Amino acid sequence: MNIYLPIAEMSVNVFLILGLGGITGILSGMFGVGGGFLMTPLLIFIGVPPAVSVSTVANQIIASSASGFLAHWRRGNVDFKMGLYLLAGGMAGSTLGVELFRWLKQIGYIDTFISLIYVTFLGIIGAMMAGESIRTILKISKKTAHHYKPLLAMRLPFKVEFPKSKLHISAIMPVVIGFFVGIMVSLMGIGGGFFLIPAMIYMLGMPTNVVIGTSLFQIIFITANVTFLQAITTQTVDIMLALFLLLGSVVGAQFGSRIGAKLPAEYLRALLAALVLGVAIKLAFGLFTPPSDIFSVSVME
């Protein structure tokens, strides 16, 4: 059973799209990640244009982020004041990112740029995760808990009190971090959590119990801003594709959470690292392999 994707301008099997959404949902439930950094490459693999993949996945992330945010809000694990500073930078960064996206699309380099940035970031992140997982499994090193002091954020001017996070740091750092994450959301079609969460812990010194909820709070608005701007400036958001992906991911997340509860954390991280590296290698192979058809012919009407 095929459906036509009007923005992607292609027909796809509806069960394939539901399956991809389900796979991403399972991964989200197992590993606690939004799945955008895997969904975008998977869509590219089945032939969806990279520009459409990035914009549409950003749209899908809004729903999953809102659901997670509400759960953390009910537990009191959201620092709204910090979230607003991150959001201020994120809105500016995502707006600039969409403009950069539009410019790259106009000059014809957007597909190559998206693939290249995914190969780079997934390769680095996958290698780091794999190394940490191997050390943990083999018990090569035993790490004790450390309290990370945000030295740079403490030295910069314009200090602000963040009572929920028990911090007194410069407002510059969260704004800059949010700005960088906003650009990444626009260009990669991700929630930005795997950039933002480490930055909030190591660069801002936030306690881990409020990091995820605060991250999800600002991601809702950043991805909404990206979706709106992409829809009106580049017309690359395919609502039909986003709907079926969302349906699949909602169901898959339920199964993923049950699977994840039965596996040791170190093995889960190792599996995720292997998956991330596999996607990076596949993208790199496609990026540097010459196409089978070098020339194409289009008919102008």
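**Entry 1: F221 and its partner**

I began with F221, which is partly exposed, with a relative accessible area of 40%. The model I am reading is a predicted one. I then looked up the ring partner of F221 and found F217, the two forming an edge-to-face aromatic pair. For this pair I noted 5.5 Å from centre to centre and 70 degrees between the planes. F217 is buried, its relative accessible area being 8%. I placed both residues in helix 9, which spans residues 208–233. F217 and F221 are four residues apart there, about one turn of the helix.

I next asked which residues the ring pairs link into a cluster. The cluster consists of W73, F80, F217 and F221. For the structure as a whole I recorded four aromatic pairs.

**Entry 2: Y85 and F162**

I turned to another of the aromatic pairs, Y85 with F162. The ring centres of Y85 and F162 lie 5.5 Å apart. I then checked where the two residues sit. Y85 belongs to helix 4 (residues 80–107), whereas F162 belongs to strand 3 (residues 159–162). The pair therefore ties together parts that are 77 residues apart in sequence.

Is F162 buried or exposed? I found F162 at 0% relative accessibility, so it counts as buried. Y85, at 26% relative accessibility, counts as partly exposed.

**Entry 3: a charge over the ring of F162**

I looked at what lies over the face of F162 and found K81. The distance I noted for K81 is 5.7 Å from the ring centre.

**Entry 4: salt bridge**

I searched for salt bridges and the count came to one. Which residue forms a salt bridge with R102? The partner is E99, and the closest N and O atoms are 2.7 Å apart. I located both residues in helix 4, three residues apart, about one turn of the helix. Helix 4 is also where I had placed Y85.

R102 has 27% relative accessibility and so counts as partly exposed. E99, at 34% relative accessibility, also counts as partly exposed.

Conventions. Residues numbered from 1 in each chain as written. Predicted model: local features only at pLDDT ≥ 70, side-chain atom pairs only at ≥ 80, totals over all residues. Heavy atoms only, no water. Phe/Tyr/Trp six-rings, centres within 6.5 Å; stacked < 30°, edge-to-face > 60°. Helix = DSSP H or I, 4+ residues; strand = E, 2+ residues; numbered from the N terminus. Buried < 20%, exposed > 50% of the residue type's maximum accessible area, 1.4 Å probe, protein only. Lys NZ or Arg CZ within 6 Å of the ring centre and 35° of its normal. Salt bridge = Lys/Arg side-chain N within 4 Å of Asp/Glu carboxyl O.
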